[in-house]
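Opening the notebook on this one. I want to go through the sheet, the helix that crosses it and a pocket.

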Amino acid sequence: MPFHSSYDYNDFVEGLKPAVIGHNADGEPVTSFVRMDGVFKKFCRKADNDKDKLYFFIIDEINRADLSRVFGELMYCLEESYRGEGNKVDTQYQNLPAYEYKDNSDTATPMANDIFAQGFYIPENVVIIGTMNDIDRSVETFDFALRRRFRWINITAEDSMEILKERLGDIYTDDLKNKIDALNKAIGDDPKLGEAFQLGQSYFTKIDKDDKASLEEYFENELKPILEEYVRGRKKTDAEDFVENCKTAFTTPQPNNSKSGSN
């Protein structure tokens with residue numbers, strides 16, 4: 001699931017949400033604000049009932065949200081040493097009964113046998129994976145208290161090319177790989193950018209041919225806009241030279257220095 005700037009604790013953990021809790025004598029629905037699970041708490045219930053399997057909760061663009069506001073007191077449960085039923089924490093609405101919709105009913109009812117009635121915990125079989133782009137300006141919202149609770153793995157643009165190879169199949173020739181490598185070298189060699197700005201596999205998934213005309217069109221439509229954004233604010237000639245160097249690298253046949261590619 002992706003995070004975004006308006007995402008908060010009520011969406012992720014729990015919150016007071018409007019729900020139909022019954023009907024009056026005339027058969028009209030009676031609504032009230034009741035405590036309901038957020039997406040992560042609901043996920044943890046499922047994982048806790050199936051402890052023999054690992055459950056992976058994947059958050060895309062994790063740094064897009066205000067993480068302290070999203071996780072709240074849960075940040076203490078993220079560490080492996082604080083997992084499991086023996087490490088319960090009180091949530092914001094702990095004193096209220098939890099409601100749920102059962103069996104496709106349109107009426108919410110109090111949850112029977114609530115495993116989190118005495119406090120919430122993250123089951124030991126839950127693995128949380130967050131992805132983010134470290135050049136994103138919003139990365140600063142990922143505070144140190146949360147940073148130290150995650151294991152950080154850097155995936156380079158070159159690392160991601162194995163995924164592109166699988167997605168493009170026969171189109172992913174040695175020559176195309178070398179052109180992408182040359183483009184990323186032009187980006188990485190720029191003293192104001194560097195390797196962090198190199199383009200990963202997602203920028204090349206729409207390629208459908210490996211010929212000069214097709215790649216020139218692809219460059220103009222798919223790659224040029226992000227490259228121009230990289231150099232926004234520079235002198236016009238410097239920005240134009242950078243983009244043109246990148247285009248030349250991407251559309252010109254490159255020496256076959258690759259040890260991988262399609263067979």
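Which residues line the second largest pocket? I get Lys17, Met36, Asp37, Lys42, Arg45, Tyr99, Glu100, Tyr101 and Met111. My pocket rule, on a 1 Å grid over the protein atoms alone, is an open set of points where a 1.4 Å probe fits, with protein on both sides within 12 Å along at least five of seven lines; lining residues have an atom within 4 Å of a point.

Before going on, I note that this is a predicted model: local features need pLDDT of at least 70, side-chain atom pairs count only at pLDDT 80 or more, and totals for chains, interfaces and linings use all residues. Numbering starts from 1 along each chain as its sequence is written, and side-chain values use heavy atoms, with hydrogens and water left out.

**Confidence.** I looked up pLDDT (the predictor's confidence in each residue, from 0 to 100). The protein chain has a mean of 86, with 92% of its residues at 70 or more. Helices (H or I, at least four residues) and strands (E, at least two) are DSSP runs, numbered from the N terminus.

I find an open sheet of four strands, order 1-2-4-5, with mixed pairing. Strand 1 (14–23) and strand 5 (108–110) are at the edges with a single partner strand each, so one side of each has no neighbour in the sheet. The twist averages 45° from one strand to the next. Pairing here takes at least two DSSP bridges between two strands.

Strand 1 runs antiparallel to strand 2 (residues 29–37), joined by nine bridges. I checked two partners in strand 2: valine 34 for lysine 17, and serine 32 for alanine 19. Their hairpin has five residues between the strands, and glycine 27 takes a positive phi near 80° there. Strand 2 pairs with strand 4 in the parallel sense, over two bridges; methionine 36 has tyrosine 99 as its bridge partner in strand 4.

**Helix 2.** It lies across strand 1, strand 2 and strand 4 (98–101), at about 70° to strand 2. Axes are lines fitted to C-alpha atoms, for helices over the stretch in contact (heavy atoms within 4.5 Å), and angles run from 0 to 180 degrees between N-to-C directions.

**Back to the pocket.** Strand 2, helix 2 and strand 4 each supply at least two lining residues; strand 4 gives the largest share, three.
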